[in-house]
Amino acid sequence: MTQWINPSARRACMFGALLAALMGCNEGGNEQTPTESTFDTVTAAPVIDETQVPKEPVVGTVTEVPDTEPKKPETKGGEATPLDVKPDGGATLLNEGIKPVVAKAMRFTEIAPDTTGGATFKSFAQYEYELGNLVAMASTDAVSFTSGTPFITPIKGRVRFPEKLLKQSVTTDPWPIIIFLHGQHNASAPSYQGYDYLAEDLATKGYVVVSIDAKAINADGDFSSQSRAQLVLGTLDRLRQINENGQIDDKSNPGALNVLREKLDFSRIGIMGHSRGGQGISNTILFNKIRRGVTEADLITALQKSPGSFSTAFPKLVGAITPPEVAVPEILATDGTVITPAIEAKAAGIDEAVLKEYNIFYAAGSKDSGKKEPYYNFKAAFMLAPTDFGGNTALNDIPLANLLPTCDGDMRDLEGARVYDHNRFGPTNDTAPRYQIMVHGANHNFYNTVWTQDGDDTPDVSTKWSIPDATPYCRYKRSDDTKSIRLNAEDQRRNGRFIINSFMRYHVGGEMKFAAYWNGTAKLPDTACPSGAGPCDERMVLTVQKDASHSKLIQRFDQADGLSRNALGEAITFSGFDKIPGFDTHNVARCDMTLAAMNAKTWKFSASVCTPKQLKDFEYGGWDNNGLLSIADHAELVWSKPNAAIVEDITGLSAAGTDSLTFRIAVVRPMGQEVLVTLTDSAGKTATVTASDFTDALYNAPTPKKGGDWPKEKDLPMTDDPADKPYTDGQVKMLMNMVAIPLKAFEEVDMTNLKELKLAFPKESGKVAITDIELQNLGRERPEQKLAARQ
């Protein structure tokens, strides 16, 4: 796999020599039967700078949240369910205890386990914590974080953990940590309380879950999210201080969080950020490698420049500045002796007693810029409908997921798609996978229970902040009285609970029963579906990008000759595609990915640069229109007669070590397209597969291939559902999603000596964007085995 991140790229250049590779992570691992635990063996703690954590207990206030007492855990639905094969090629659930029969060409090997079932522990009641005040830095520059302004934000939020933790003393099996960070939406609301449905579920499975209150940052309006990253890391610093020295109240009595002492596992941390919080999580990953701190001198400058910003909350702080002391020069006495001054030069400071009274501490900076270890070992990062104001590049060495709600009225341009594209390929030694999850019918807000306004039917056009995704396609009530794809709040949280918690449990806790889903080979459980009734795999379209050791790239269209040569250096040909107007010698456009961040003045992103030009209807959708929202290097194809085709010469390519042929495709017009995929070996043996038998990525609505009101012989995606016809003009969100076909579907083809790959489009006309054609190892051939090492 080619490393795409250019060392001179904006953000990557900024951190340049400072960003070092983290410890390697591979897919899979050895699963053990837990004894009062849901995890694999505990990994070694990372090397971290202990000088950043005071060797004293954390002073703070911790109170129990009413009505959050322990609940009786559920005990069912905790394991994956294998699939068997019907004679007609369909699948059915196996009876419990029967060994699964894996078909050569099955799309799925099992049904993913339900995250809400199989609880191992009781969740203890929630605690509200206040652990001091952090001096952080806000900036309007989301790329290089220049011209920062110090301000003070409280370290507060909510925490849940297993009840068993209370009964333990010092333990050799510390508990992994999950951090949630909300966004800017509804800035005055207690947004940090909105993820308790996730936290309670995780606590019953053995995780300590912290949801951070960032309301003070929202009030400050930090565009860059620099302070959000400092808040996450500052919270972890406080937790580590508690882990080492305990927690006391303001009267020096042991506090409620003192029970966490020596029980937290800082080698297994997962972080999730929602909306602007997603941007904060991106910066957290970067700042974890090179801490951007705030000094006492920074705070003094801010106090002197804008004392009114601090006087209300911290009235004694401005007057607590001690003036600098100037050293008296040496004096030469008349007898020739030198008299040394009694006063030495000293910079201005702040009265320690006042800092202690307000429990103020500073965002820690890096002591050694040449440091090669991260401060915290993040095992997973989840970006939920994130912003992309800073470019969000160089997010390497950590499993990274981006969730994109197709009816998002707040982040309506689905900027998380840009984050995925920018980071899907890391350096060649990066072994962490990347994921894109497109959720049909989800909005921006309902993943947070405090964000109750979904804003879809009554747009307030007086302010750009509240303009919803007002297209009829996403409304609950349609003027044409056709079906709506919208999810209600409860159903949206059903899929959020499964997607977010299974991701954390797989990558942070090493719970291998979720591996098949995150490899794209397991069906969604019923509990992740609307009303708890499945199947509903068409609702969530998963894209997976494995690392270089688990993939073999065929074509990415990132090279200048990408329309004539593939990544293997062999020929690629295009037939049956329409000539591009004004360019009679071109029938395909090739587009390069832009690395540019959003223009903070115009609120617009740069479009891809295409050769010979961007084709109609493929223009980057952005905030104000409905074009293609994925920005990865890609080819744009238009045809007006059936069976246009791409042929890749892959002579001598061996599929050894892989089990799936994958590519990413966006259907631009109309709602659906079919792809016939043909592999030919060097002996001339050939096999053709209908791609839609293995994916829901070829239709732009959450409609099953078999079903609907139209005749059965005209199934999706060859014939659009009549109810979707009004929306074929681009109202749907168009993204490049993954098609994954098991190699065993290409029966009798010699996978060790391939010669040709052909992608043909049988529909009478259409427009698609395509990229990332490759072979990947998705673990299909060994669903009950684990790959060499787990992440």
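This is a predicted model: local features need pLDDT of at least 70, side-chain atom pairs count only at pLDDT 80 or more; totals for chains, interfaces and linings use all residues.

Residues are numbered from 1 along each chain as its sequence is written, and side-chain values use heavy atoms, with hydrogens and water left out.

The chain has 791 residues, and 58% of them count as buried, meaning under 20% relative accessible area with a 1.4 Å probe, protein chains only. Its secondary structure comes to 12 helices and 33 strands; these are DSSP runs, H or I of at least four residues for helices and E of at least two for strands, numbered from the N terminus. Among contacts (heavy atoms within 4.5 Å) between residues at least 6 apart in sequence, 79% join residues at least 24 apart.

Five strands form an open sheet in the order 23-27-32-29-30, with antiparallel pairing; two strands pair if DSSP finds at least two bridges between them. Strand 23 (572-575) and strand 30 (686-690) are at the edges with a single partner strand each, so one side of each has no neighbour in the sheet. On average, neighbouring strands of this sheet are turned by 15° against each other, direction ignored, with axes fitted to C-alpha atoms. Strand 29, residues 676-681, pairs with strand 30 in the antiparallel sense over 5 bridges. Within strand 30, Val689 is the residue opposite Val677.

Next, the cavities. A cavity is a set of points on a 1 Å grid over the protein atoms alone where a 1.4 Å probe fits but cannot get out, and lining residues have an atom within 4 Å of a point. A volume is the space filled by probe spheres set on the points.

How many cavities of 30 Å³ or more does the structure hold? There are 12. Strand 21 (540-545) and strand 31 (737-742) each supply at least two lining residues, and strand 31 gives the largest share, 4 residues.

The second largest cavity holds about 80 Å³ of space. Its lining includes Ser692, Asp696, Tyr699, Lys705 and Pro717.

That is the model.

Note on methods:
Axes are lines fitted to C-alpha atoms, for helices over the stretch in contact, and angles run from 0 to 180 degrees between N-to-C directions. On a 1 Å grid over the protein atoms alone, a cavity is a set of points where a 1.4 Å probe fits but cannot get out, and a pocket is an open set with protein on both sides within 12 Å along at least five of seven lines; lining residues have an atom within 4 Å of a point. Buried means under 20% relative accessible area, exposed over 50%, partly exposed in between (1.4 Å probe, protein chains only).
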